[in-house]
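Good morning, colleagues. Please look at the model on the screen while I describe its parts.

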Amino acid sequence: MGDIYQEKILVLDFGSQTTQLIARRVREARVYCEIHPCTMSLAEVRDFNPRGIILSGGPASVYADDAPGVDPGVLDLGVPVLGICYGMQVITHLLGGRVARGEKREYGPANLEIKHHRGLFRELEPDQPQPVWMSHGDRIEKMPEGFEVLALTDNSPVAAMGHGQRRVYGVQFHPEVAHTPGGAAMLAAFVLGDCGCSPSWTMRNFAEATVSGFKETLAGKKVLCALSGGVDSSVVALLLHKAIGPNLTSVFVDNGVLRAGEVSEVAGLFREVFGMNLVVVDAADQFLDRLAGVTDPEEKRRIIGHTFIEVFEAEAAKIGAVDYLAQGTLYPDVIESVSFKGPSATIKSHHNVGGLPERMKLKLVEPLRELFKDECREVGRELGLPESIVSRQPFPGPGLAIRIMGEVTRPRLATLRAADAIVQEEMRAAELYTKVWQSFAVLAPVKTVGVMGDERTYEDVIALRIVDSVDAMTADWSRVPYELLARMSSRIINEVAGVNRVVLDISSKPPATIEWE
Ligand code: XMP
């Protein structure tokens, strides 16, 4: 699809936790790359036709019985190769050098002394030590023939090595992590310099190539898209709308547990501004009737998931025959299913959320399969999606239902919606909305005593949940200014009827989770 996929880098994965970051840094240098397991065959590597290959780190020792390796032929393809940590040891092992078991693991920061300011290091300031991040047990004892030391640290006499003619490099540290500040420049020097790729992977090019590709492949086809108002499904819908216009039908289901103003915002934007063929289904009663009396969190999730599928299928049936279901699968989900998980682990297949495609027997169109989340946001900006959607915080499918402890009723939804709107407003006003991972209100299942004028009150408690995170796997409560908390608290108590107390959630994940249910 277009030229942007012509010059690409292959990242072969040996199971490191930071392999995804390698791909991120390469993409940031505006070069397309893909991650594949190290078990990829030589024929497949040739087919992929990479301009360069990066061998990732990995948890194994090259001496382990079941140590993962690569086909030695990948070093003879005539394209530059960079081995990172375990990847460097694999290169050493394959080319006749010697890897020694380290006496102890070297883990943490080190200062890199660069011997030769060329190749990987050509963009770095000369004569300045470079902080780098180490995490390895084994180390290089003897380099393969023809290699020279490019850089060293106190503990690693061969912290970086290279073979000038073959353009094969190895680094013992991790250039892909944030703790190696010069790492992005090293990876950029490799892909743009040694591999000779042009920096053409831009989201404008991606959007153009995707739209023109769909114009051909989806000509005359009908596509259905579930729009949630989140950034992923919005970008999917816009790309398809640009390509096939009225042959795309987007369906937005109001499940009754959305935030304040969400339905009108989404409908207004996609229908009126973008002129999209959008069906808004008011299914609030259906969802809320089924949620009546339900307090168990898993039961709430189950009911909302099933009801969504039912409502969506009923709408799809009204539309008539469709060929494809559009889905906002992102690259991290794809990597999850192809990454190298070690010799004993089976490779997991990708499960689509909700099971809709299987049930509806539809083929999938997944325009974001190659994109990381921040790339998806950039495509959104290119397509003219407003910042209010592009930089939206994640919002769970079961919506406000899992932020209301206990029963979900219309009055309790109204209370939470009003409080939540104040939290969003104040976070944006303080310019912190996009700096934190999520910020929202939770309605506690208790009432407490308060005093208003001369009156005793007995009313609801709102909790504030504001967290920092990079991937939602772990999180910590955000240290936002007291003044901001004070403003949120006094506004919620004064403006939201039935609330007389506001508390702050100061738990990290783990052991708590981000959402309360
Ligand atoms: P937890 O509460 O598990 O949440 O720490 C991690 C992240 O996932 C979001 N989340 C969901 N997203 N459907 C979704 O689409 C869900 O059922 C769901 N539950 C939690 C949550 O908002 C946080 O960003």
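I begin with a term: strands (E, at least two residues) and helices (H or I, at least four) are DSSP runs, numbered from the N terminus. This is a predicted model, in which local features need pLDDT of at least 70, side-chain atom pairs count only at pLDDT 80 or more, and totals for chains, interfaces and linings use all residues. Residues are numbered from 1 along each chain as its sequence is written, and side-chain values use heavy atoms, with hydrogens and water left out.

An automatic or database assignment divides the protein into domain 1 (3-194), domain 2 (203-390) and domain 3 (409-504). The centres of domain 2 and domain 3, taken over C-alpha atoms, are separated by 29 Å. Across these two domains, nine residues of domain 2 are in contact (heavy atoms within 4.5 Å) with six residues of domain 3.

I turn to the interior. A nonpolar core is a set of buried (under 20% relative accessible area, 1.4 Å probe, protein chains only) Ala, Val, Leu, Ile, Met, Phe, Trp, Tyr and Cys residues joined through side-chain atoms within 4.5 Å. The largest such core has 47 residues, and Val 257, Met 427, Ile 462 and Ile 492 have the most contacts inside it. Domain 2 and domain 3 each supply at least three residues to this core. Which residues does Ile 492 touch, leaving aside its neighbours within four places in sequence? Among them are Ala 419, Ile 422, Val 423 and Ile 462.

Methods:
Buried means under 20% relative accessible area, exposed over 50%, partly exposed in between (1.4 Å probe, protein chains only).
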